[in-house]
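Hi everyone, thanks for making time for this. I'd like to walk you through one structure, so please have the viewer open and follow along.

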Amino acid sequence: MIRTTSKLADGRELIYFDSDVPAHRGTADLRPLEAPANRSEIRRDAVTGAWVTVAAHRQARTYQPPADECPLCPSRDGRFSEIPDADYQVAVFENRFPSLAADSPAPEGAAGDPLRTALAGTGRCEVVCFTSDHQSSFAALDEAHARLVLDAWTDRTAELSALPGVEQVYCFENRGAEIGVTLAHPHGQIYAFPFATPRTARMVEQAAKHRAATGRNLFEDLLDAERGDPRRTVLTGRHWTAFVPFAARWPYEVHLYPNRRVGDLTQLTEAERAEFPGVYLELLRRFDRLFTAPGAGGPAAPTPYISAWHQAPATNGAELALHLELFTVRRTADKLKYLAGVESGMDAFVNDVSPETAAERLREVAS
């Protein structure tokens, strides 16, 4: 992997990742951009203890531009974008409209009030462009290119984890208009949080309870149990296992674990990294075939999904396990799973598809 750093016109960092030495990198960004005005803060919910990010400046962010105005495509033919070079393999840059930023100012007022705890929304938000091809997708990448994305995620995890005040690094992809994606170009994001996310905090709590009750690690026991029960297993490799969780929340939800417990992407071995692209690409391609009738001609409709890397936080993360959670909001070819009163109001999920049925379908659509 070749890593080349540059700066955009407003001072934000841009990093190119190439599989071999590129002919040229570092074209100047000629846009007349002003420095971003970041006003993020985090507020603690006194009832649940969860942190909520308030980033009102993001209302002005780019929203569903036409393809010929995509800010993630390379700069070509006099049209300038967030990527100054005329082509790229993988590019990462600081988000122009970040939810969290290192220079976020301290909030005013409410100091010392336990019911109104607010802090500066420090951290960092980055955009990861998987490919320069606007019409492509992660599933359409070859294994070498997918490995380059993995290397970029790993690089950013290492660097962002070392920033002052960063508690957790979260790499993810939102794919599809049904998910709420505002830019159609194949890309993901990375958040460097100044706190452990609520879902991670619950995992830490459950892992501690399991250790106290059994003397064993929760995630190692969970993976052993799923590997021993083929009903929910979707795909197995020498170093990775994919399965539908016993208590899946989403109609089609797959968790992908390395068979050896590690805390984050930086701890994977070369053998684990080498096997990951083939396994992950197969899962994504199966997702795209989920709602195509057997024997039907033509390409499958792209399935909207969220792909989320869970990595251990800096504090109290020793019991956690790196894993990826991949799920779709689509429950049938023409029906979506909406988070309505029960899910949104009470965080109590009701799943319309049994995990065992979902796993069987994901095995049926194997390549």
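I'll go through the sheets, then the helices packed on them, and finish with the aromatic rings.

A word before we start: this is a predicted model. Please keep that in mind as we go.

Let's begin with the sheets. There is an open sheet of 11 strands, and if you trace across it you get the order β1-β2-β5-β7-β9-β8-β13-β14-β12-β11-β10, with antiparallel pairing. What stands at the edges? That would be β1, residues 2-7, and β10; each has a single partner strand, so one side of each is left without a neighbour in the sheet. On average, neighbouring strands here are turned by 20° against each other, ignoring direction.

Inside it, β3, which covers residues 41-44, pairs with β6 in the antiparallel sense over three bridges. You can find E41 opposite A120 in β6.

Now for the helices. Helix α1 lies across a whole series of strands: β1, β2 (13-18), β5 (90-94), β7, β8 (168-175), β9 (187-193) and β13 (305-310). It runs at about 140° to β2. Helix α6, residues 355-364, packs on the sheet too, touching β10 and β12, and its direction makes about 40° with that of β10.

Helix α3 deserves a stop of its own. Which of its residues are buried? In α3, residues 218-227, they are F219, L223 and E226. They cover an arc of only 65° around the axis, which puts them on the same side of α3. As for what covers the buried residues of α3, the list includes α2 (198-214), β10 (233-236), β11 (240-243), β12 (252-258) and β14 (323-328). And at the start of α3, a side-chain oxygen of N217 comes within 2.9 Å of the backbone nitrogen of F219.

Last topic: the rings. How many aromatic pairs does the structure hold? The count is 19. One of them is F138 with W153, a stacked pair at 5.9 Å centre to centre and 20° between the planes. This pair links distant parts of the chain: F138 sits in the loop between β7 (124-129) and α1 (143-161), while W153 is in helix α1, 15 residues apart. Are these two buried or exposed? Both F138 and W153 are buried.

Another pair to look at is F276 and Y280, whose ring centres are 5.1 Å apart with planes at 20°, so the pair is stacked. Both lie in helix α4, residues 270-289, four residues apart, or about one turn of the helix. F276 and Y280 are buried as well.

To put those two pairs in context, ring pairs link F130, F138, W153, W240, F276, Y280 and W309 into a cluster. That's my tour, and I'm happy to take questions.

How values were computed. Residues are numbered from 1 along each chain as its sequence is written. This is a predicted model: local features need pLDDT of at least 70, side-chain atom pairs count only at pLDDT 80 or more; totals for chains, interfaces and linings use all residues. Side-chain values use heavy atoms; hydrogens and water are left out. Buried means under 20% relative accessible area, exposed over 50%, partly exposed in between (1.4 Å probe, protein chains only). Helices (H or I, at least four residues) and strands (E, at least two) are DSSP runs, numbered from the N terminus. The arc is that of the directions from the helix axis to the C-beta atoms. Contact means heavy atoms within 4.5 Å. A polar contact is a pair of N or O atoms within 3.5 Å; within protein, one must be able to donate a hydrogen and the other to accept it, and residues adjacent in sequence count only if both atoms are side-chain atoms. Two strands pair if DSSP finds at least two bridges between them. Rings of Phe, Tyr and Trp (its six-membered ring) pair if their centres lie within 6.5 Å; planes under 30 degrees apart count as stacked, over 60 as edge-to-face and the rest as tilted. Axes are lines fitted to C-alpha atoms, for helices over the stretch in contact, and angles run from 0 to 180 degrees between N-to-C directions.
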